[in-house]
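Biologist: I have not looked at this one before. Can you walk me through it?

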Amino acid sequence: GTPSGVLHLTRPADEPLDAAQRARAEVLAIQTGARLGLLRALVTSEIAATTDSLTGQLNRRSLEEALRRLDNEQIPYAVAFADLDNFKVLNDTHGHAAGDRALRHFSTVTGAMVRTGDMVCRFGGEEFLLVYVGCDVTEAAPIVHRLRAALAESVVAAGVLPFTVSIGLADSTYATTAAGIIAYADAALMTAKREGRDRLIIAAKPDQVVGEASWAGG
């Protein structure tokens with residue numbers, strides 16, 4: 001578990017290092033090792049500060065900073081607000097280890113379904129935010145449907161207790177800030193919960209009274 005390295009010096013076979021040259025080489029090796037150790041520590045610290053320790057996905061603070069950049073640059077995106085269904089029951093019935101396995105498995109499946117440049121964040125507890133950069137809700141919805149299908153197919157093979165997910169979807173045409181877009185996705189998620197869970201609800205546009213689009217699994 002300890003990193004090691006070799007400093008290789010090339011010289012003619014009949015000209016070995018003298019004591020002073022050997023001493024300088026040893027100093028160079030020590031300084032290089034110390035510098036690399038510092039860089040490793042900085043990378044480890046940065047990863048710890050920006051990711052969730054259980055799932056390895058972005059943490060909430062990191063995602064909010066990324067969304068602010070998208071807003072400032074006026075880059076369109078869609079937000080899927082996902083919540084694992086009946087997660088408290090899973091934890092209470094089978095223990096926190098089973099709940100952690102479910103969270104890690106959902107994170108793994110989700111990470112495999114996003115494109116380069118998209119983002120996955122453990123937003124808190126059993127809640128995740130999925131950000132599809134350059135998409136609106138019409139383009140993001142099929143991706144979310146495929147995610148739900150992949151989750152349903154994978155839980156048994158992965159040895160995870162079966163679970164489902166409810167998802168609300170909105171995009172950057174709904175509001176001018178990430179907080180506003182997330183609020184619409186959250187409201188759609190609550191609708192999905194009320195309508196029976198295990199489904200995707202696309203949020204109603206701000207100027208619409210009705211018109212949520214829903215899709216439920218079999």
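**A first walk through the chain**

Modeller: The protein chain has 6 helices and 6 strands; these are DSSP runs, with helices being H or I of at least four residues and strands E of at least two, numbered from the N terminus. This is a predicted model, where local features need pLDDT of at least 70, side-chain atom pairs count only at pLDDT 80 or more, and totals for chains, interfaces and linings use all residues. Residues are numbered from 1 along each chain as its sequence is written, and side-chain values use heavy atoms, with hydrogens and water left out.

Biologist: What pattern does the protein chain follow along the sequence?

Modeller: The pattern is α-α-β-α-α-β-β-α-β-α-β-β.

Biologist: And how much of the protein chain counts as buried?

Modeller: Of its 218 residues, 36% count as buried. Buried means under 20% relative accessible area, exposed over 50%, and partly exposed in between, with a 1.4 Å probe and protein chains only.

Biologist: What share of contacts between residues at least 6 apart in sequence join residues at least 24 apart?

Modeller: That share is 63% in the protein chain. Contact means heavy atoms within 4.5 Å.

Biologist: Now the helices. At what angle do α4 and α5 cross?

Modeller: The axes of α4 (residues 96-113) and α5 (residues 137-157) cross at roughly 135 degrees and come within 10 Å. Axes are lines fitted to C-alpha atoms, for helices over the stretch in contact, and angles run from 0 to 180 degrees between N-to-C directions. The two helices, α4 and α5, are therefore oblique to each other. Angles under 35 degrees count as roughly parallel, over 145 as roughly antiparallel, 65 to 115 as roughly perpendicular, and the rest as oblique.

Biologist: Which residues make the contact?

Modeller: From α4 there are His-105, Phe-106, Val-109, Thr-110 and Met-113. From α5 there are Ile-143, Arg-146, Leu-147, Ala-150, Leu-151, Ser-154 and Val-155.

Biologist: How do the residues of that contact divide by type?

Modeller: The contact of α4 with α5 has 8 nonpolar, 3 polar and 1 charged. Ala, Val, Leu, Ile, Met, Phe, Trp, Tyr, Cys and Pro count as nonpolar, Asp, Glu, Lys and Arg as charged, and the others, Gly among them, as polar.

Biologist: How many aromatic pairs does the structure hold?

Modeller: There are 3. Rings of Phe, Tyr and Trp (its six-membered ring) pair if their centres lie within 6.5 Å; planes under 30 degrees apart count as stacked, over 60 as edge-to-face and the rest as tilted. Phe-106 and Phe-128 have ring centres 5.0 Å apart and planes at 65 degrees, so they form an edge-to-face pair. This pair links distant parts of the chain, with Phe-106 in helix α4 and Phe-128 in strand β3 (residues 127-133), 22 residues apart.

Biologist: Is Phe-106 buried or exposed?

Modeller: Phe-106 is buried at a relative accessible area of 0%, and Phe-128 is also buried at 0%.

Biologist: Back to α4. What does Ala-102 touch?

Modeller: Leaving out residues up to four places away in sequence, Ala-102 touches Leu-84, Leu-90, Val-160 and Phe-163. Ala-102 sits in helix α4 and is buried, with a relative accessible area of 0%.

Biologist: Last topic, backbone angles. What is phi of Gln-74?

Modeller: Phi of Gln-74 is near 55 degrees, a positive value in a residue other than glycine. Most residues other than glycine have a negative phi. Gln-74 is in the loop between α2 (60-72) and β1 (77-84) and is exposed, at 72% relative accessible area.
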